[in-house]
Amino acid sequence: MIIDAHHHLWDPRSRRYPWLSDVPSLDRAFESSDLSAAIAELPVKGTVVVQATSTDEETRWLLDAAQSSDLILGVVGWVDLLRPGVSERLMQLSNLPLVGIRHQAQDEPDPAWLVRAEVIQGLGAVRDAGLPFDLLVRRQQRPAALRLVASMPDQYFVIDHLAKPEIAAGEWSSWYAWMVAMASHPAVFCKISGLVTEADWRSWRTQHLKRYINAALELFGPDRCMFGSDWPVSLLAAEYGEVVNLVEAAIPGLTAAERDSLWRGTATSVYGLSSRAGTS
């Protein structure tokens, strides 16, 4: 059984996704029915859908999609961390399948956005609501992310896409040193996701990505790692099944219990999915 801890849905006919202008092949609606078709031949039994634009309206749309789906177990949504009343906003959503919060920090002009005082104050409300916070960062934002997790040791953080190592450019040592530092904080988890689009989209091979996956598993352990497809962004470089096969090919040495943590257990625990059908 697989729980996909990171995928997206979007509809540019109804709301604006600024980053889609850079990838015109994805500039169309991807809805729950498209997801079901993509996983039809795969053992994916539950998913977590993640925000793709910074609006309250999109979060509500994703929550509605989760409530009407047997497949979508939870939503990592968005709230404005800079706006007063974060606690009240989260309280309004507390009876809905909101399982985490994310902000696209990688797109902020200020690489230290994550450690602004008002952001940390907003994250205090996220912590008090018992919700993990997904870290979407690249190389430029990694120092701030490390400072943030050190300042909030009782907040769960989830590193999206292994912090986007620049695989196509051969980045290794700087990324690895940062991952070592992040792994030293026990409340930090990571998603093995989004790697095919950090590699060369046309020529990537399993051997190009395997060492990044293995490094994450060695540093964090399978009980702090979770699988994510990053579909449909992943379609830029691979089909859904190819992403699953990539991870499967990289983990032959894991025990059955470790495999269960990676494919299902960690996501279930961190995002509190066990209350939804089929994940206990």
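**Briefing: cavity, pocket and sheet**

The structure holds one cavity of 30 Å³ or more. This is a predicted model, in which local features need pLDDT of at least 70 and side-chain atom pairs count only at pLDDT 80 or more, while totals for chains, interfaces and linings use all residues. Residues are numbered from 1 along each chain as its sequence is written, and side-chain values use heavy atoms, with hydrogens and water left out.

**Cavity**

- The largest cavity contains about 80 Å³ of space; a cavity is a set of points, on a 1 Å grid over the protein atoms alone, where a 1.4 Å probe fits but cannot get out.
- A volume is the space filled by probe spheres set on the grid points, which are joined across faces, edges and corners.
- Lining residues, which have an atom within 4 Å of a point, number 14 for the largest cavity, and Ser193, Gly194, Leu195, Val243 and Leu246 are the closest to its centre.
- Helix α8 (residues 240-250) supplies the largest share of this lining, three residues; helices (H or I, at least four residues) and strands (E, at least two) are DSSP runs, numbered from the N terminus.
- The lining of the largest cavity comprises eight nonpolar, five polar and one charged residues, where Ala, Val, Leu, Ile, Met, Phe, Trp, Tyr, Cys and Pro count as nonpolar, Asp, Glu, Lys and Arg as charged, and the others, Gly among them, as polar.

**Pocket**

- The largest pocket has a volume of about 500 Å³; a pocket is an open set with protein on both sides within 12 Å along at least five of seven lines.
- Its lining has 20 residues, with Trp19, Gln106, Arg138, Lys164 and Val233 nearest the centre.
- Seven nonpolar, six polar and seven charged residues make up the lining of the largest pocket.

**Sheet**

- Eight strands form an open sheet with parallel pairing, in the order β1-β2-β3-β4-β5-β6-β7-β8; two strands pair if DSSP finds at least two bridges between them.
- The edge strands, β1 (2-7) and β8 (225-227), each pair on one side only.
- Strands β1 and β2 run parallel and are joined by four bridges; isoleucine 2 has valine 44 in β2 as its bridge partner.
- Strand β2 is largely enclosed by the rest of the structure, because six of its seven residues are buried, that is, under 20% relative accessible area (1.4 Å probe, protein chains only).
- Three bridges pair β4 (residues 98-103) with β5 (residues 133-135) in the parallel sense, and isoleucine 101 stands opposite phenylalanine 133 in β5.

Notes
Buried < 20%, exposed > 50% of the residue type's maximum accessible area, 1.4 Å probe, protein only.
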